[in-house]
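Please look over the points below alongside the model.

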Amino acid sequence: TQHDIDLYYRTILDGIGTAGKLVREGFTATKQVTTKEGAADLLTEYDQRVEEILINRLRESFPTHKFIGEESTALGIKSSFTDDPTWIIDPIDGTTNFVHGFPFIAISVALAISKQVVLGIVYNPITDQLYSAIRGRGAFRNGQIIKCSGQKNLSLSQILGEYGPNRDPAILDTKCKILETIIGKVHSIRAMGSAALNLCLVAEGSCDAYFEYGVHIWDYAAGDLIAREAGAYTCDPSGAPLNLIDRRVLCAATKELAEQISPLLIQIDYPHD
Ligand code: IPD
């Protein structure tokens, strides 16, 4: 019920407040940086601690809920995406930015019920910008309603595209080819280093589209809802409906714009989350 959703929302906001303080502390502190799946896939002790804070806070209030967390998954605590109420958590989206002191990082949390995301929060603790959405109730930045740009014309667009942490030469080559094809057709391409915030940039209208291959469910579950609630159109980069476990996303201010971008992409497949 809406009453339950409001309680979930208040509880996670409380957890994000505590977690945000820790991320701000960590931002300027010396960190232990380790790697996960490759030399450019970074992890710090803060990622793990933030995830623990959020999961402990939620578990205390909602003991039957399930969790899919980036760092729990990295530790081998693999939970599959089921119909149960499931919190999908990226404690620090933009870990590379966090390591380098580039202030474009976010705590991203979504709640899915029957595999449908019903609430999403993306919080940048450094700039103190909080993006939020509850399904059917619009998207907000620090409490103010936001709307995407409504851009339909590719040649007038500012597009977000990421390289991602995978250093496989074939994958990098394909990603570079895609960006090479697109750059001549648009105003600009940006790579900000946080999938969750990229979706929020489309939601608020400061960018017109974003696509990425190789993202994980925790990178885009919350941002996807925020973008949709702000009027954006999100799909699989092929143009098919978005699937949150397929590790690929295309989000555009309009369906017309998504339809112009999709044919320019080269589809890359990943084993699903
Ligand atoms: C990463 C960021 C980045 C994207 C990568 C993600 P993380 O998330 O969202 O923008 O290009 O694909 O892995 O690892 O910092 O949580």
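1. Strands E7 and E8 make a hairpin with 4 residues between them, and Gly136 in the turn has a positive phi of about 85°. The two strands run antiparallel and are joined by 3 bridges, with Tyr131 opposite Arg141 of E8. Strands here (E, at least two residues) and helices (H or I, at least four) are DSSP runs numbered from the N terminus, and two strands pair if DSSP finds at least two bridges between them.

2. The model is predicted: local features need pLDDT of at least 70, side-chain atom pairs count only at pLDDT 80 or more, and totals for chains, interfaces and linings use all residues. Residues are numbered from 1 along each chain as its sequence is written.

3. E7 (residues 129-134) also pairs with E6 (residues 116-124), in the antiparallel sense over 6 bridges. Ile121 stands opposite Ser132 in E7. This hairpin too has 4 residues between its strands, and Asp128 in the turn has a positive phi of about 60°. E7 is mostly covered, with 5 of its 6 residues buried. Buried means 20 or more other C-beta atoms within 10 Å of the residue's own, exposed 12 or fewer, and partly exposed in between, with C-beta atoms placed from the backbone.

4. An unreviewed UniProt entry lists Glu70, Asp90, Ile92, Asp93 and Asp219 under "binding site". These residues are spread over 150 residues of sequence but cluster in space, the largest C-alpha distance being 9.4 Å. Such annotations may be inferred rather than shown by experiment.

5. Ile92 lies in strand E4 (residues 86-93) and counts as buried because it has 32 C-beta neighbours inside 10 Å. Leaving aside residues up to four places away in sequence, Ile92 touches Val23, Tyr46, Asp47, Val50, Phe98, Ile105 and Ile107. Contact means C-beta atoms, placed from the backbone, within 7 Å.

6. Asp219 is in helix H7 (residues 217-229) and is buried, with 28 other C-beta atoms within 10 Å. With residues up to four places away in sequence again not counted, Asp219 touches Asp90, Asp93, Ala195 and Ala196.

7. Five strands form an open sheet in the order E11-E10-E12-E14-E13, with mixed pairing. E11 (188-190) and E13 (233-235) are at the edges with a single partner strand each, so one side of each has no neighbour in the sheet. E13 is joined to E14 (residues 248-252) by 3 bridges, antiparallel, and Cys235 stands opposite Leu250 in E14.

Terms used. Two residues are in contact if their C-beta atoms, placed from the backbone, lie within 7 Å.
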